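Reader: Hi! I'm new to this one, could you walk me through it?
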Amino acid sequence: VALLLGLAWWGLVRAMDVQAQARAGDSLVSLEHELRSGLLQAEQVAGAGAQWWTGGQLDLSPEHGNAETLLLPMLRQQAFVTSVNLCRADGASVLLLTNGRDWDSRRIARTDGQGRLRWSWRQQADPPAKEDPWEATDYDPRTRAWYQEAQHRTLPFWTAQAYRFMTTHDFGFTYTVPVLQGNVLLGVVSVDLRTEELTAAVWRI
C-alpha cells in the first residue's frame with residue numbers, strides 16, 4: 001500500500017510539474033505577444049504620422065493644425081503608446097499626451113527664435129478641448145536626443161535604452177521616424193512607450 005501511495009504521490013507531483021511548465025511556457029508566449037503588440041502599435045502610429053506628413057494631409061501649423069483630428073482616433077484604439085511628438089524643422093511642434101482618460105495636447109510655436117506654447121485638455125473624446133492661453137517657453141524639442149539623432153538618420157529607430165522623458169519625467173523608450181523630402185529633413189515623429197506600461201503588461205500575464 002505504501003508503495004502504491006508513493007507512486008501515486010510521485011505521479012501527482014510530476015503531473016503538477018508538467019502543468020506548471022506548460023503554464024510558464026504559455027505565459028512567456030503571451031508576454032512576447034503583448035510586448036510585440038505594444039512595439040507594433042508604436043511603430044504604426046509613428047508611421048501613419050510620417051505618411052500623412054509627407055503626403056500633405058498633416059498640418060502642424062500652431063493655430064489651425066489637424067494633428068489631433070488625424071491621430072487621436074488611432075491613439076484611442078491602443079493601450080501602449082503614451083505620447084506622440086511631431087516636431088517640424090523650424091521648431092513648431094505638437095505633443096499628444098495621454099492623461100489616463102483621454103489625450104491632452106501641447107502646441108509650440110516659434111517666431112523670430114522666441115517660443116510660446118499652449119495646452120489643450122481633454123477628459124472625454126466628444127466634448128471640445130479646454131484650451132489654455134499661449135505662454136512663453138524656452139523649451140525646444142529639437143534639443144532632445146531623439147530629435148538630434150534623427151537628424152543624422154534616414155530610417156526609423158528605437159532608442160537603445162530607457163531614459164527620462166522631458167514632459168512627464170517617466171522612464172521609457174522612444175520610436176523615432178525622420179520625415180524626409182528627398183534629402184531635406186522636414187521634421188521628426190517620435191512615439192513614447194513608458195516602462196510602466198510594459199511592466200503592467202508583464203503583470204497581466
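This is a predicted model: local features need pLDDT of at least 70, side-chain atom pairs count only at pLDDT 80 or more; totals for chains, interfaces and linings use all residues.

Reader: Thanks! Which residues of helix 2 are buried?

Author: They are Ala67, Glu68, Leu71, Leu72 and Leu75, in a helix that covers residues 67-75. Buried means under 20% relative accessible area, exposed over 50%, and partly exposed in between (1.4 Å probe, protein chains only). Helices (H or I, at least four residues) and strands (E, at least two) are DSSP runs, numbered from the N terminus.

Reader: And where do the buried ones sit around the helix axis?

Author: Seen down the axis of helix 2, they fall within an arc of 110°, so they line one face. The arc is taken from the directions from the helix axis to the C-beta atoms.

Reader: What does glutamate 68 form a salt bridge with?

Author: Its partner is arginine 107, with the closest N and O atoms 2.7 Å apart. The pair links distant parts of the chain, since arginine 107 is in strand 3 and glutamate 68 is in helix 2, 39 residues apart. Both arginine 107 and glutamate 68 are buried. A salt bridge here is a side-chain nitrogen of Lys or Arg within 4 Å of a carboxyl oxygen of Asp or Glu.

Reader: Nice. How many salt bridges are there by this rule?

Author: The count comes to 9. One of them joins arginine 118 and glutamate 131, whose closest N and O atoms are 3.7 Å apart. Arginine 118 lies in strand 4 and glutamate 131 in strand 5 (residues 130-131), 13 residues apart. Arginine 118 is buried because its relative accessible area is 11%, whereas glutamate 131 is partly exposed at 48%.

Reader: Which residues are linked in a network of salt bridges?

Author: Arg110, Asp140 and Arg142 are linked that way. Within it, aspartate 140 and arginine 110 have their closest N and O atoms 4.0 Å apart.

Reader: New topic: is aspartate 112 buried or exposed?

Author: Aspartate 112 counts as exposed, at 76% relative accessibility. Aspartate 112 is in the loop between strand 3 (103-111) and strand 4 (114-121), and has a positive phi of about 55° although it is not a glycine.

Terms used
Residues are numbered from 1 along each chain as its sequence is written. Side-chain values use heavy atoms; hydrogens and water are left out.
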